[in-house]
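Visitor: I'm new to this one and would like a guided tour. Could you show me the structure and help me read its features?

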Amino acid sequence: MVESGRDLPDVLILLEHQPVYTLGRASSEEHLKFDLQNPPWDVHRIERGGEVTYHGPGQVVGYPIVNLRNHKKDLRWYIRSLEQVIINTLAKYDVDGTRKELMEFQGLTGVWNGEQKLAAIGLGASKWVTMHGFALNVTEDLSGFDQIVPCGIKEKSVGCLNRFAPEVTPKQVRKDLSDCFAEEFSLEMIPFEGTYAVEAGV
């Protein structure tokens with residue numbers, strides 16, 4: 001690896017997980033509704049911001065590895081840009097995705113439709129290179145969220161894209177997310193062994 005990483009291309013990894021719960025660096029176990037000694041699915045504490053969430057089949061999870069020194073060294077700008085990628089993706093299905101702009105300092109990042117959260121964002125970064133990313137509920141069985149307080153937000157619910165677009169598939173959403181990500185960050189998408197890499201400066 002080049003020491004600075006500045007010459008390496010940005011990468012976008014899109015996938016679906018088997019059922020799993022993840023907790024961010026400062027997540028509170030109070031938001032778990034099950035005994036950690038007998039969880040319904042695997043539980044992992046990971047190096048991202050945010051509270052507990054659930055991942056499972058039908059949810060498209062994005063892991064952008066982006067060198068912000070080649071874009072803008074501003075994590076808030078990066079979060080808003082990821083939200084815009086998801087908002088633009090939802091628009092392809094005539095679904096209105098919004099931010100909770102007035103509540104941003106209360107931790108309500110992500111993309112919403114009304115009072116339902118369709119996509120969550122949880123990030124990490126080291127030397128301006130990002131890790132972790134976002135999760136968009138597409139055709140997911142949402143029952144896994146019943147065992148937690150998703151993102152630590154008690155008064156809001158979780159939603160899914162196929163409620164608005166019944167014919168949607170994770171495969172198509174992965175393609176649309178890739179296109180919108182490339183457009184938002186001014187990148188060229190390059191297919192790589194069934195996934196996509198992105199290159200800056202286009």
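Visitor: Which strand gives the largest share of the lining of the largest pocket?

Guide: First, a word on what we're looking at: this is a predicted model, where local features need pLDDT of at least 70, side-chain atom pairs count only at pLDDT 80 or more, and totals for chains, interfaces and linings use all residues. Residues are numbered from 1 along each chain as its sequence is written, and side-chain values use heavy atoms, with hydrogens and water left out. Now the general idea: on a 1 Å grid over the protein atoms alone, a pocket is an open set of points where a 1.4 Å probe fits, with protein on both sides within 12 Å along at least five of seven lines, and lining residues have an atom within 4 Å of a point. Strands (E, at least two residues) and helices (H or I, at least four) are DSSP runs, numbered from the N terminus. Here, β7 gives the largest share of the lining, 5 residues.

Visitor: Which other elements supply at least two residues of that lining?

Guide: Besides β7 (116–126), they are β2 (20–23), β4 (53–55), β5 (59–65), α1 (75–91) and β8 (129–137). The lining has 31 residues, and Gly49, Gly50, Ile121, Gly122 and Leu123 lie nearest the pocket's centre.

Visitor: What volume does the largest pocket have, and how do its lining residues divide?

Guide: A volume is the space filled by probe spheres set on the grid points, which are joined across faces, edges and corners. For the largest pocket that comes to about 580 Å³. As for the classes, Ala, Val, Leu, Ile, Met, Phe, Trp, Tyr, Cys and Pro count as nonpolar, Asp, Glu, Lys and Arg as charged, and the others, Gly among them, as polar. The lining holds 12 nonpolar, 13 polar and 6 charged residues.

Visitor: Let's stay with β7. Why is it described as largely enclosed by the rest of the structure?

Guide: Look at burial: buried means under 20% relative accessible area, exposed over 50%, and partly exposed in between (1.4 Å probe, protein chains only). In β7, 9 of the 11 residues are buried, so the strand is largely enclosed by the rest of the structure. Across the chain of 202 residues, buried ones make up 46%.

Visitor: Which strands are joined to β7 by bridges?

Guide: Two strands pair if DSSP finds at least two bridges between them. β8 is antiparallel to β7, over 8 bridges, and Ile121 has Phe134 in β8 as its bridge partner. β6 (residues 111–113) also runs antiparallel to β7, with 3 bridges; there, Trp112 is partnered with Lys117. Finally, β9 (residues 157–158) runs parallel to β7, joined by 2 bridges, and Lys117 stands opposite Val158.

Visitor: What happens in the turns of the hairpins?

Guide: The hairpin of β6 and β7 has 2 residues between the strands, and Gly114 in the turn has a positive phi of about 60 degrees. The hairpin of β7 and β8 also has 2 residues between its strands, with Lys127 at a positive phi near 55 degrees.

Visitor: What order do the strands take in the open sheet?

Guide: This sheet of 3 strands runs β3-β2-β4, with mixed pairing. β3 (42–45) and β4 are the edge strands, each pairing on one side only. β2 and β4 are antiparallel, over 3 bridges, with Thr22 opposite Thr53 in β4.

Visitor: How many aromatic pairs are there?

Guide: Rings of Phe, Tyr and Trp (its six-membered ring) pair if their centres lie within 6.5 Å; planes under 30 degrees apart count as stacked, over 60 as edge-to-face and the rest as tilted. The structure holds 6 such pairs. In one of them, Tyr78 and Phe185 have ring centres 5.9 Å apart and planes at 55 degrees, so the pair is tilted. It links distant parts of the chain, with Tyr78 in helix α1 and Phe185 in the loop between α2 (170–184) and β10 (187–192), 107 residues apart. Phe181 and Phe185 are tilted too, because their planes sit at 35 degrees, with centres 4.7 Å apart.

Visitor: Is Phe181 buried or exposed?

Guide: Phe181 is buried, at 0% relative accessibility. Phe185 is buried as well, at 3%. Elsewhere, Tyr21, Phe34, Tyr54 and Phe145 form one aromatic cluster.
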